[in-house]
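Hello,

Here is the structure I promised to pass on to you. Have a look at it first, and then read my notes below.

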Amino acid sequence: MREVFRGPSGVPERKQNLPQLYRFCFLMLGDSRKAQDVFHATLREAAQRAARGELPTESFWLFRDARWRCLEATKSDLQPEPLEMDEHEVAAQAPSQIGRLDPMHLAIWISAAPDPQRSALALFYLDEFDYREILDLAELKLNELSRFLSNGRRQLQAWLDAKFPQTADV
Amino acid sequence: MKLVSAMRRQRSLLNCAPISARQLADRAMRSAISRADDSVEFTDQQNFDSAVARLVRLIPIPAESAEWFSEKDLVPASRWTWKKMLRNPAVLATSIAVAVIAGVFVFNFVSHLNDFPGSATARKLLGIAASARPVMLDPVNAEAGTLSDLFFMKHGLEHYDVPAQFADFATIGCRVFEDEESRRIAQIWVSEKRMQFFLFPAERDSKTGAVLRFPGWRYVRQEGWTGAVTEHSGVCFMAAIRGRDKDLESYLSKPADK
């Protein structure tokens, strides 16, 4: 997370992009309370490490740390059963359907996806990282990320179609 | 086969196409996007992604978490200490460089603090004294004070007089030579503590030609040698000894009108 900490010197730049870190936790967990717990735990740990002068030099380590905490937090939860989800081609009217969604609904939908698709979707739709950074953070290959995003779009489109069916023109 | 693989990679890149232009990572991605820019499928994908990203940005931040953003010291700044700062390689390198430069300045300043007209020549002559051997000089068995007549009569050197403090010392040898500026220098070797005396023209003002005088005795040091220099009648006399100022002080404190 290049904007939260300035780099190898470990001097914190504070504030910037922490909202995105919270949103990432929220998308990964689909639950505001759990997201806050992970978010606070991540930052508390970061604060302690900064005090000891042990901040990692690698980029995006806060997101990487938060991701593992999210995965850890949901390890004991009920896991979604692997099932064939409906898939629809992305439609032109999708933006208007998405516009009717509540952010909470989207977070619940993304958090229900199996990992690493969940991480891929959460990181991608934060619009914070380029694809190479996502590959690094989620430990994926390009074709895997591509497949997860492409499937994710079609599955989300199918869900949108089910949630907001198109009314036939009279 | 290569074409299929290239198309597959392009398809993969398009699926990961950034939502904002600011995430346009590399040339391969830019090229894939520019090829697909007109396709309806890609336009729908971009609109879809933008709409989802807009929705993500609407995720509210709970007040409890927002406190982290407003707190000035969200992550306590790593304690700033001199020790830590000095360990920074950049600071360390700069400090050493500054210290060396400062050292050179101080050394130059201190070494030129006691400069006087003729001090540069005197230092050069101390170098000569350090490398001189008795065989280089003509053997002379006389008191140093009597050599001024020899210098005048044999070499035409006027006022090349040895001061009274050193006039009684027995001489081992002497010579007259020219330095690189064709100034005529008289060198005398005496048995007393293997001291060497030098007589050389005093420095003159480059415009007026007037002798640049200085009162009393001045010290110069070079490579473990010390010289005590005085000027009289346009000629400088230097007593050089391997040692320090105090080795010469006892001679200089003798009354001159002995």
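Let's begin where the two chains meet: between chain B and chain A there are three salt bridges, a salt bridge being a side-chain nitrogen of Lys or Arg within 4 Å of a carboxyl oxygen of Asp or Glu. The side chains of A:Arg153 and B:Asp49 form a salt bridge, at 2.8 Å from N to O.

Before going on, a word on the source: this is a predicted model, where local features need pLDDT of at least 70 and side-chain atom pairs count only at pLDDT 80 or more, while totals for chains, interfaces and linings use all residues. Residues are numbered from 1 along each chain as its sequence is written, chains are lettered from A and ligands numbered from 1 in the order in which they are written, and side-chain values use heavy atoms, with hydrogens and water left out.

Back to the interface. Chain A brings 52 residues to the contact and chain B brings 43, where contact means heavy atoms within 4.5 Å. About 4,300 Å² is buried between the chains, and carbon and sulfur atoms give 66% of that; buried area is the accessible area (1.4 Å probe) that two parts lose on being put together, summed over both.

The largest nonpolar core has 71 residues, and A:Leu27, A:Phe39, A:Leu145 and B:Phe48 have the most contacts inside it. Such a core is a set of buried Ala, Val, Leu, Ile, Met, Phe, Trp, Tyr and Cys residues joined through side-chain atoms within 4.5 Å; buried means under 20% relative accessible area, exposed over 50%, and partly exposed in between (1.4 Å probe, protein chains only). Leaving out residues up to four places away in sequence, B:Phe48 touches residues of chain A including A:Val90, A:Tyr125 and A:Arg153.

Which of its residues are buried? They are B:Met29, B:Ala32, B:Ile33 and B:Ala36. Viewed down the axis of α2(B), the buried residues fall within an arc of 95°, so they line one face of the helix; the arc is that of the directions from the helix axis to the C-beta atoms. On the face turned away from the buried side are the exposed residues B:Arg27, B:Ser34 and B:Arg35. The cover over the buried residues includes α7 (131-138) of chain A, together with α1 (2-15) and α3 (40-57) of chain B.

Best wishes

How values were computed: Helices (H or I, at least four residues) and strands (E, at least two) are DSSP runs, numbered from the N terminus.
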